[in-house]
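Student: I would like to learn how to read a few features of a structure model, one at a time. Could you show me the model and begin with the aromatic rings?

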Amino acid sequence: MTFVTSLVPHLKALHISMLLLWCGGLFALPLMLARQDPAIGQSDYSRIRQATHYAYTFGITPAAVLAIASGTALIFLRDLFVTWIFAKLVFVAMLVIFHVWIGYVLVAVAEREGEHRAPRPALPLIVLMVSILAVLSLVLAKPELGELPVPGWLREPRGHPLPFDVPRR
């Protein structure tokens, strides 16, 4: 066993633990944002606003970065260039888009002037649940999806030179 292959179990543990933190935080933040109402009192409103800000900035975002980095390393270390992993990455991209959207809502509700209300959490949580269940289904089933449906002209060389100079070693 080489040093690199001995890293795989540790990277898997890091990846799974960071995914749990990231996805758990993505579930919690829409619920916390829905509770942000200036009518609840300034001290409670301030406490919820700080909790959502710090959770997003110092907990959920670093967990997302570590989950994606360790997952990327696992793809290359395990040589997982199969179709189901690319389908999984589409749903991981949906999680990233959801993460960015939550950050946008957090800033809009807490830091911008004017009256901003967080959206009701039901629809965002359904979108999040679909993404997470799709990732889990693909990872656990590892289905044989065949080839990616791409046009034939992308699969065969055309015999044309590249439109730029390729550096030589």
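Tutor: A pair of aromatic rings is described by the distance of the centres and the angle of the planes. In this model, which is predicted, the count comes to 3 aromatic pairs, where rings of Phe, Tyr and Trp (its six-membered ring) pair if their centres lie within 6.5 Å. Local features need pLDDT of at least 70 and side-chain atom pairs pLDDT 80 or more, while totals for chains, interfaces and linings use all residues. Residues are numbered from 1 along each chain as its sequence is written, and side-chain values use heavy atoms, without hydrogens or water.

Student: How are the rings of Tyr54 and Phe58 arranged?

Tutor: Their centres are 5.7 Å apart and their planes lie at 20°, so the pair is stacked (planes under 30 degrees apart; over 60 is edge-to-face, the rest tilted). Tyr54 and Phe58 are 4 residues apart in helix H3, and are therefore separated by about one helical turn; a helix here is a DSSP run of H or I with at least four residues, numbered from the N terminus.

Student: At what angle do the axes of H2 and H3 cross?

Tutor: Two packed helices are described by the angle between their axes and the distance between the axes. The axes of H2 (residues 8–34) and H3 (residues 42–78) cross at roughly 150° and come within 7 Å, the axes being lines fitted to C-alpha atoms over the stretch in contact, with angles from 0 to 180 degrees between N-to-C directions. H2 and H3 are therefore roughly antiparallel to each other (over 145 degrees). The contact of H2 with H3 involves 23 nonpolar, 5 polar and 2 charged residues, where Ala, Val, Leu, Ile, Met, Phe, Trp, Tyr, Cys and Pro count as nonpolar, Asp, Glu, Lys and Arg as charged, and the others, Gly among them, as polar.

Student: Which residues lie nearest the centre of the largest pocket?

Tutor: Rolling a probe the size of a water molecule over the atoms shows where empty space is left. A pocket is an open set of points on a 1 Å grid over the protein atoms alone where a 1.4 Å probe fits, with protein on both sides within 12 Å along at least five of seven lines, and lining residues have an atom within 4 Å of a point. Among the 28 lining residues of the largest pocket, His15, Leu19, Lys88, Val135 and Val139 lie nearest its centre. The volume of this pocket, the space filled by probe spheres set on the points, is about 780 Å³. H2 provides the largest share of its lining, 8 residues, and by class the lining has 20 nonpolar, 4 polar and 4 charged residues.

Definitions and conventions
Helix = DSSP H or I, 4+ residues; strand = E, 2+ residues; numbered from the N terminus. Parallel < 35°, antiparallel > 145°, perpendicular 65-115°, else oblique.
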